[in-house]
Every structure is written in C-alpha cells, then in structure tokens.
Amino acid sequence: MRRPSPVVVCVDFGSTFTKAVLVDVERGDLVARADHPTTLPAADGTGDVLDGYDACLAQLAEQDPRARDAEVLACSSAGGGLRIAVVGNEELVTAEAGRRVALSSGGKVVAVLSGGLDADRHGELRAAAPDVLLLVGGTDGGNSAQLVGDADFLAAARWPGPVVVAGDVESRARVAAALEESQTPYVLADNVVPQIGVLAPDSARAAIREMFLAHVIGGKHLSKRADFVAMVRGATPDVVLTGVELLARGLDEARAGAGDVVVVDVGGATTDVHSVVELDPEVGAGLSREVVATTPVTRTVEGDLGMRWSAVTTVAAGQLDHLTSAAERRHADPGFLPDDADGRAVDEAIAAAAIEVALKRHAGRSKVVLSPEGRVVERTGKDLREVELLVGSGGVLRHGEPDAVRRMLLPATGQHDGGWQLPRAPRIVVDHDYVLAAAGLLAADHPETAHRLLTGLRERRVGHE
C-alpha cells in the first residue's frame with residue numbers, strides 16, 4: 001500500500017482572525033484551508049487563543065482527515081503582536097537603524113529614544129510597555145560611552161527585560177556584565193551599524209526572534225496549554241517577510257524567484273508593506289547617500305492606515321472627507337461587514353487610500369537638486385519603480401472581486417508625478433490562500449515545498465484564481 005504523503009498544518013494567529021492551511025509537503029500542494037475569529041482570554045479567565053485554532057483544525061479535518069495528526073507550525077500577532085522599543089545614541093543614525101531592524105523583525109515599534117536614558121526617557125520607555133528592548137549605539141570600535149551608560153541605567157532601574165544588545169561589539173562584555181548583575185534577560189547580537197553607511201540587520205533580527213519565542217509568546221498568557229508555545233515559530237510579520245524573500249529570490253539560480261517584489265497587507269489597524277528589491281549600486285554613490293544604508297529587504301508599518309480601527313485616519317490621509325462618517329462607524333464597530341453595494345464601495349475606497357498612502361511612504365520620492373558637483377538625484381525611501389510583482393494581502397483584497405481588486409491596487413502603480421518611486425507596471429496577484437505566511441513557516445525545514453507554494457502564487461493572475 002502506498003504511504004500517504006505527510007502533511008503540515010501552518011497557522012497564523014492574527015489579531016482578528018486565526019488562519020490555517022494544510023500543506024502536503026511532498027507534493028507542495030495546499031490541500032485545505034480554514035479561518036476562525038481569534039479567541040483571546042477574557043477578564044473572567046475564560047477563553048484561550050487555541051479555541052480558535054481548534055475550530056480551524058476541525059474545519060481542516062473535515063476537508064482532509066490527515067490534519068488531525070499533522071505537525072503544526074505557527075506564527076502569531078495575537079494579543080498585540082511583538083512590541084519593540086529602540087534605544088540608540090543618535091536619532092538619525094543608530095536609533096534610526098534600530099527602528100528599521102525592529103520593523104524587519106516583525107515588531108511594532110512603540111518607542112524610539114536617543115540621547116541617553118534618564119528619568120524622563122525611562123518613564124517614556126515604561127509607558128510604551130515594549131515586549132523587547134533593542135539597545136544599539138556606536139560603530140564598532142567607535143564611541144560606546146552612551147551604549148554602556150544606557151546599559152548601566154537599565155541595570156540600576158531593574159528593567160524587567162528582555163533586551164537585545166546590537167551595538168559596538170567592543171563594549172559587549174561591559175554591557176553584558178551590567179545586565180547580568182541586574183538579572184535582566186538579554187541576547188548579544190552583531191552591531192546593526194558596524195560602520196557609517198552600513199546597515200547589518202540579520203544578527204539582531206535573529207536575536208529578536210529568539211527573545212520573542214523565549215519570553216513573549218508565553219509571557220502574554222494567551223493560552224493555558226503548553227502546545228501554543230511549542231507550535232509558534234515567530235512573529236507573523238517576520239515569518240511573512242521570510243516568505244517574501246523566498247518569493248523574490250527563489251532557492252537557487254535554477255529555481256529563481258519572481259525578481260523584485262512588493263507585498264501590501266491591509267489590516268484592520270495597520271497597513272504593512274514588505275519589499276525585496278535589488279539595489280542599484282550607483283544609487284547612493286553621490287550626495288543622496290544615506291548615513292543609514294538602504295537594504296534590499298524592507299518592511300514598513302503604517303499604524304494610522306487600516307480598514308477599521310484606523311479607518312478615520314485613513315480617510316483623512318487619503319483626503320476622503322466625504323467618507324468620514326462611514327469611517328467613524330467602522331472605527332466604532334471593527335466587526336462591521338457591509339451587506340450592500342454602497343457599503344462595499346466605501347470599504348474599497350478606504351482600502352485604496354490605505355494602499356496608495358502606505359506605498360508612497362515606503363517608496364518615497366526622487367528629485368533632481370543642484371549641488372557643487374552639478375545636478376544630482378536625491379532619493380528618499382525605497383525605489384519600487386522596476387518592481388515586477390505586486391502582491392495584495394488582507395481580507396478586503398482576499399474577498400474582493402477581481403475588478404474591485406484592480407481598482408484598489410492599480411491606482412498606486414500609476415502615481416509618478418511628483419517623483420513618486422511607485423511600481424510602474426507590475427503583475428498583480430492576491431494571496432488568497434495565506435501562502436506567504438505558510439511558506440515562511442516551511443522555509444527552514446521544507447524549503448522545496450515553500451518554493452513550490454510560492455511558484456503557484458506568482459503564476460496566478462487577478463481574475464484567474
């Protein structure tokens with residue numbers, strides 16, 4: 001008798017919905033999918049985040065009984081996700097570098113402080129209530145006095161932690177000694193700014209993931225069951241960005257990826273943009289070079305752009321004043337679902353505004369300026385003009401008709417007046433099956449399967465799902 005193909009359940013514990021898919025890891029096929037409202041513990045002690053997962057598992061098992069005994073890989077942004085605060089030397093160098101690294105690690109940046117910790121800044125830090133503190137400062141071999149001083153301040157204040165240290169490597173021993181004496185949990189990572197003009201996020205990103213798994217998942221008390229902590233592999237945005245990287249680059253030259261890719265994920269409270277863009281080596285070689293370098297892999301989070309909790313600020317950012325009352329209704333009732341054409345048209349307009357504004361903030365502009373060397377091009381943000389693939393994600397896009405999806409996404413690809421560095425002519429697909437999160441979860445142990453799932457995603461077309 002032929003042995004059944006092994007399957008894996010991939011789960012995303014979202015802020016509003018828990019999504020699950022069943023993947024055949026030998027064939028690389030997605031064989032079942034399910035979703036259920038995310039269940040969080042109530043004040044009276046009832047409820048468990050795994051209640052929603054159990055409902056998803058039951059749905060999957062109805063479609064394929066193998067789901068019951070499958071391995072489970074999960075990511076989570078439930079209960080507020082991963083909240084990160086950044087403490088650095090200077091606002092425009094190490095603190096900015098730390099902010100970018102925190103975003104690429106899947107975190108919501110709740111505070112960025114610079115200039116040295118004191119009583120006032122410590123108060124701001126405590127009020128922000130971060131899950132993880134990223135402590136950065138000094139280039140390697142440079143001035144690390146403030147980094148050491150910040151570590152000493154945290155130790156004296158008995159900061160409860162956890163802390164990721166990613167500053168001057170030559171001061172690691174002194175920083176570690178201070179944190180150990182105060183019994184603050186910490187991880188040492190490579191410097192995020194080893195020298196001016198270089199941004200090195202990978203080591204700190206891995207350390208933040210380690211702290212998220214070791215301290216945050218269990219610390220949020222989302223479940224009384226030990227299997228929740230065991231199944232979660234990372235913060236959802238971090239896992240999705242891993243999927244985006246694999247989508248763009250592929251496994252090797254023989255199995256290449258899609259090239260430059262941008263993913264825009266429209267949620268109820270935030271709109272996230274993930275991009276993987278091969279950088280032009282000539283860009284930044286002149287006066288437009290940034291002190292903190294641009295990296296090929298970038299994530300930005302717009303906390304004022306979303307479909308429900310952030311609807312009011314979205315219509316303001318999109319200059320849709322005539323939709324203010326409709327946005328206020330959505331803000332007051334995040335569970336609202338329109339049941340007529342007019343209501344769906346409002347949601348479509350809010351989504352289009354969130355997508356356009358989020359992509360503009362991510363991409364920035366280019367402009368010609370005069371300098372002592374003559375006319376040069378200055379750029380801000382990430383140049384997305386040559387992006388080959390634009391992927392839409394989020395419920396409003398997953399459930400939208402093809403024509404509505406085009407109306408929400410296409411306007412943002414034609415806005416080049418004023419120097420906006422937006423995609424010119426990308427192919428557009430929608431991640432209907434939560435493939436990016438699943439691929440990110442599978443990438444480490446089942447890279448071939450992850451690649452096949454993403455190949456299927458990039459070959460789809462809006463209107464041909």
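Helix H5, spanning residues 172-181, buries Val-175, Ala-176, Ala-178 and Leu-179. These four residues lie on the same side of H5, because the arc they cover around the axis is only 160 degrees. The model is a predicted one.

**Helix H5**
- An α-helix has 3.6 residues a turn, so residues three or four places apart point the same way.
- Ala-173, Arg-174, Glu-180 and Glu-181 are exposed on the other side of H5.
- The packing partners of the buried H5 residues are strand E7 (132-135), helix H4 (145-156), strand E8 (163-165) and strand E9 (186-188).
- Gln-183, which follows H5, has a positive phi, near 60 degrees.

**The sheet**
- Five strands form an open sheet with parallel pairing, in the order E6-E5-E7-E8-E9.
- The edges are held by strand E6 (107-114) and E9; each has a single partner strand, so one side of each is left without a neighbour in the sheet.
- On average, and with direction ignored, neighbouring strands of this sheet are turned by 20 degrees against each other.
- Strand E5 (residues 82-88) is paired with E6 in the parallel sense, over 7 bridges.
- Val-86 has Val-112 in E6 as its bridge partner.

**Helices across the strands**
- Helix H4 lies across E5 and E7, and its direction is at about 150 degrees to E7.
- Helix H6 (residues 202-219) lies across E5, E7, E8 and E9, running at about 165 degrees to E8.

Note on methods
Residues numbered from 1 in each chain as written. Predicted model: local features only at pLDDT ≥ 70, side-chain atom pairs only at ≥ 80, totals over all residues. Heavy atoms only, no water. Buried < 20%, exposed > 50% of the residue type's maximum accessible area, 1.4 Å probe, protein only. Helix = DSSP H or I, 4+ residues; strand = E, 2+ residues; numbered from the N terminus. Arc of directions from axis to C-beta. Contact = heavy atoms within 4.5 Å. Pairing = 2+ DSSP bridges. Axes fitted to C-alpha atoms, helices over the stretch in contact; angles between N-to-C directions.
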